[in-house]
Amino acid sequence: MVGPREGIGSRSSFLNAFPGLKTVLRLKELRPCHEQGHFFCNLRHLYEYLNNMKVYILLLLVTALPGQEFDVATVKPSDPHSPTYTIGGISYAPKSFHFTPGGGLQTIGSTLKDLIVLAYDVLPNRTQGGPPWAAVDRYDVTAKVTEGEGDPAALTEAERQKWTERIRLRTRTLLASRFNLAVHKETREFAMYELHVDKNGPKADALKESNATLGISFRGNVMLGNGGDMHELVSLLSSQLQKPVVDKTGLTGKYDFTLRWATEQLSPVPGTPTGDPEKSPSIFTALREQLGLRLDSTRGPLEVLVIDRAEKPSEN
C-alpha cells in the first residue's frame, strides 16, 4: 500500500504562479508532459499532476506558517579523521544528536538516514531506498531559530512533545531544501521481533519507574536507561539486531535500568563498558533474565518511509 509523497516534485505552471518559491525550495524543472500536442498524455499523467498539485499546496501552506523552518542552518561534511569503534566486526563513527534550547538542532557525524529518522520519528530500519551515500556520508548540522522557544526543561510533558514535533517539522523542511529530499510511506511485510513482557516480568527491581529525562544511552554491549521508555528501547534493539522490533509490552512509563549482554569482537573505547563474551548472556537471554522482557520472532506488516529522491547537500 503506497501513501502520498512527502517532499518536492515539480510542475512549472504552478511554480510560475508563485515567484521565488522554486528558488527557496531548490526545485528543479521537469520535462513537460504535453509533448504530443495535448496537455495530458493519459489519465495516469492527469492523476500524477493533480496529486503533485496537492503536494505543492501543502508545501506552500507549510512554508508560509511561522516556525516551520530554521532561521539559520549550516550543513557541513564531518571530519573524516574522527575516531571510530568496532562492534561485531562493524566500524562505527561517534554520533550525537541534540534538540537545543530555543528550538534548534545540533548533530555531529549524522548521515542523511540518521537525519530522516530524526525528522520523521521512525526506526532506522523502517527507512527504505535512497542512494548508498545516504547511509555513509556524515554531516554536522547546526540549525537555529532567531526567536527562541525557551528551555524545554521548564515545559510540561505535553508541551515538550509539541516543542519536539516543531523541531522535527523544521528538520523536514531543512532536508527538503538542502538535500532535495522526497519520501513517501507505504506498508510492507517483514521478518521482525516483538518485545513482550515475560511471564515473570517485568522485574521491578531492575526496570524502575523514573522521573529522569535523559533517555537511554547505548555504549558497546551495555544499555543504560535513565528515564528511558519502550519506544527508545525497541529502537536501539532494532539497530542492534538489524531487524524491526515492535513494542508489545504495554509499558507506557519511563524507566531506569541496565542491560548488559555479550558481543563479538568488541573493541575497547574510553568510557565504554565491555563484557566478557563467555560470561555475558545473549541479548535475548539478557532481556529475559535482567529485565523480565522477551523477544519473539514473527512476520507482519509495517509502515516504512521510502526515499524517492535525495541529493548531496547544497553549499551553505
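This is a predicted model: local features need pLDDT of at least 70, side-chain atom pairs count only at pLDDT 80 or more; totals for chains, interfaces and linings use all residues.

Colleague: OK, so is tryptophan 163 buried or exposed?

Modeller: Tryptophan 163 is buried, because its relative accessibility is 3%, and the cut-off is under 20%.

Colleague: How many aromatic pairs are there?

Modeller: The structure has three aromatic pairs. In one of them, phenylalanine 99 and tryptophan 163 have ring centres 6.4 Å apart. Their planes are at 75°, so that pair is edge-to-face.

Colleague: Where do those two sit in the chain?

Modeller: They're 64 residues apart, so to speak in distant parts of the chain. Phenylalanine 99 is in strand β5 (residues 96-100), and tryptophan 163 is in helix α5 (residues 157-178).

Colleague: And phenylalanine 99, how accessible is that one?

Modeller: Phenylalanine 99 has 24% relative accessibility, so it counts as partly exposed.

Colleague: Switching topic: which residues touch the most other members of the largest nonpolar core?

Modeller: That core has 26 residues, and the ones touching the most other members are Phe70, Leu112, Ile116, Leu175, Phe179 and Leu181. Elements giving two or more residues to the core are β2 (72-77), α4, β8 (139-144), α5 and β15 (293-309).

Colleague: Which element gives the largest share?

Modeller: α4 does, with six residues.

Colleague: What does isoleucine 116 touch?

Modeller: Leaving out residues up to four places away in sequence, isoleucine 116 touches Asp121, Val122, Thr127, Leu175, Leu181, Leu305 and Ile307. There's also a second, separate core of 23 residues, with Leu195, Met230, Val234 and Ile283 among them.

Colleague: Back to α4, then. How many of its residues are buried?

Modeller: Eight of the nine, so α4 is largely enclosed by the rest of the structure. The buried ones are Leu112, Asp114, Leu115, Ile116, Val117, Leu118, Ala119 and Tyr120.

Colleague: What comes after α4?

Modeller: Aspartate 121 follows α4, and its phi is positive, near 55°.

Colleague: And where does threonine 111 lie?

Modeller: Threonine 111 is in the loop between β6 (104-110) and α4 (112-120). With a relative accessible area of 4%, threonine 111 is buried.

Conventions:
Residues are numbered from 1 along each chain as its sequence is written. Side-chain values use heavy atoms; hydrogens and water are left out. Helices (H or I, at least four residues) and strands (E, at least two) are DSSP runs, numbered from the N terminus. Buried means under 20% relative accessible area, exposed over 50%, partly exposed in between (1.4 Å probe, protein chains only). Rings of Phe, Tyr and Trp (its six-membered ring) pair if their centres lie within 6.5 Å; planes under 30 degrees apart count as stacked, over 60 as edge-to-face and the rest as tilted. A nonpolar core is a set of buried Ala, Val, Leu, Ile, Met, Phe, Trp, Tyr and Cys residues joined through side-chain atoms within 4.5 Å. Contact means heavy atoms within 4.5 Å.
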